[in-house]
Amino acid sequence: MMIRMSATLIDRPTSGATEDELATQLHDVRTRTRRLTEDLSTRQLMGPMLPIVNPVLWEIGHVGWFHEYWTLRHAHGEAPGLDGADLLWNSSTVAHATRWDLKLPDRNGVFAYMADVLGRQVGRLSGGVEARMRYFYELSIRHEDMHVEALAYTRQTLGYARPDGLGHAADHDAGPWPGDASVPGGRWRLGSTGADGFIFDNEKWAHEVGIAPFRIAKAPVTNAEFAAFVRAGGYRNRQFWSAAGWAWREGTGAERPVYWLETDGGYGTWRRYQDVEPLAPHAPVMFVNWYEAEAWCRWAKRRLPTEAEWEAAALGEAVANGSCLADSKRRWPWGETSPSSQHANLDFAFDGPLDVAACAAGDSAFGCRQMIGNVWEWTASDFVPLPGFAADPYEDYSRPWFNTRKVLRGGSWATSARIARPGYRNFFTPERNDVIAGFRTCAL
Ligand SMILES: [Fe+2]
């Protein structure tokens, strides 16, 4: 697989951000990258070789390289700023397991390279950049957003300290939010359009699908609700698991969500970063994989929503008499307003998930809460191309991963609002329990 540059620059939809706004976004996302990495020791910057993490020192260099590759080199035609950078940081050609053995620059060298690229980008932006080139700034900013979230869950995976200076402490006073919302059936336009601003290739294009009426939980499954499944012996009962899910469970010996700690036969605590903390009963369960979500559903006689159902519950409205879905699609679940911490726990508004009753201002037309933010939500759907899919210039973003992953929607507390647009399709393999994901369910 190669990241290839397409031969021509064509107009692609962007968010409409100006050059000044893009420069601000570049600085803001870099601040997050630095807060997630600067306090780490030289040893932590390399870390253990695991299939689910990158060496942090490699990962941040790769972020800088991606910016340089797509903006300075591809869009502006500049020469590489560092000899051999492609051989270090092209994620399509540098095999994952080899990333611990590369002759990377040291910490100061990597940060200097990143700062040099950022300085050249800001210089270009201050001189004015055409819209068709701004697309690549938007792409590389979003790519850094994704790695920021990955760095946050890598610190969790590896038991590093809680990062400083990212989000207020998440309080847990909002409580549970039980019950289902009713969504009428009808036609739904799944996917994004050219009017949705910057979009990724796997969202193209919006197309009509039919949806039967369904009932979907007003909130994601909580820790307390998941604990009932664990206490009921859910991890030891084959009947709740698919063949693939049971194979995962047997292979790993999982008895509970990966970071939960069993004390006195109960599940009151978990490992959060490097500390043991109480498990908030009414916060959404997180760090569970698709198989665990599937098993919980089978135990609770529920099911995961499809992508189309998730979108309709988040963005749909009913016609006046409530009999079917209206021909409308909101920008956000709550309407047109850009997200604030009243609507959604995004952008490190808080440093972890809030209780599921929080963010009431962000309710969808059907009364679903936290469709955006707090935790990603696994859906029932396989990650497949939509009708009319064609790869964008970053060719390896989606295409190599179709049919082997499950779709997640909605974003987490560590996701930027740029990424957590409702139309954004995240995707991971079903055994991944290290990403900031939970799930919401539908009635059978
Ligand atoms: Fe990347």
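In what sense do E9 and strand E10 (residues 406-409) pair, and over how many bridges? In this predicted model, the pairing of E9 with E10 is antiparallel, and three bridges hold the place where the two strands meet. Strands of a sheet pair through backbone hydrogen bonds, and they may do so in a parallel or an antiparallel way.

For H3 and H6, the axes come within 9 Å and cross at roughly 175 degrees. An angle over 145 degrees counts as roughly antiparallel, and H3 and H6 are therefore roughly antiparallel to each other. On the side of H3, the residues that make the contact include Val 56, Ile 60, His 62, Phe 66 and Trp 70, while those on the side of H6 include Phe 136, Leu 139, His 143, His 147 and Leu 151. Sorted by class, the contact of H3 with H6 has 13 nonpolar, eight polar and two charged residues.

The iron ion is coordinated by the NE2 atoms of His 62, His 143 and His 147, at 2.1 to 2.2 Å. Within this group, His 62 in helix H3 (residues 56-75) and His 143 in helix H6 (residues 131-157) are 81 residues apart, and the pair links distant parts of the chain. Along the sequence, the spacing of the donor residues can be written as H-x80-H-x3-H. Are His 62 and His 143 buried or exposed? A residue counts as buried when its relative accessible area is under 20%; His 62 is buried because its value is 2%, and His 143 is buried because its value is 5%.

Burial can also be followed along a whole helix, and H10 is mostly covered, with nine of its nine residues buried. Among them are Glu 307, Glu 309 and Glu 311, as well as Trp 310 and Leu 315.

Phe 287, which lies in the loop between strand E7 (275-278) and helix H9 (290-300), has a positive phi of about 60 degrees although it is not a glycine. Phe 348, placed in the loop between helix H10 (307-315) and strand E9 (376-382), is another residue other than glycine with a positive phi, here near 55 degrees. Phe 287 counts as buried because its relative accessibility is 4%, and Phe 348 counts as buried because its relative accessibility is 6%.

A further backbone detail concerns a peptide bond. Lys 204 and Trp 205 are joined by a cis peptide bond, with omega at about -5 degrees, and Trp 205 is found in the loop between strand E2 (186-190) and strand E3 (207-211).

How values were computed
Residues are numbered from 1 along each chain as its sequence is written. This is a predicted model: local features need pLDDT of at least 70, side-chain atom pairs count only at pLDDT 80 or more; totals for chains, interfaces and linings use all residues. Side-chain values use heavy atoms; hydrogens and water are left out. Helices (H or I, at least four residues) and strands (E, at least two) are DSSP runs, numbered from the N terminus. Buried means under 20% relative accessible area, exposed over 50%, partly exposed in between (1.4 Å probe, protein chains only). Donors are N, O and S atoms within 2.8 Å of the metal (3.2 Å for Na, K and Ca); water is not among the atoms, so sites may look incomplete. Two strands pair if DSSP finds at least two bridges between them. Axes are lines fitted to C-alpha atoms, for helices over the stretch in contact, and angles run from 0 to 180 degrees between N-to-C directions. Angles under 35 degrees count as roughly parallel, over 145 as roughly antiparallel, 65 to 115 as roughly perpendicular and the rest as oblique. Contact means heavy atoms within 4.5 Å. Ala, Val, Leu, Ile, Met, Phe, Trp, Tyr, Cys and Pro count as nonpolar, Asp, Glu, Lys and Arg as charged, and the others, Gly among them, as polar.
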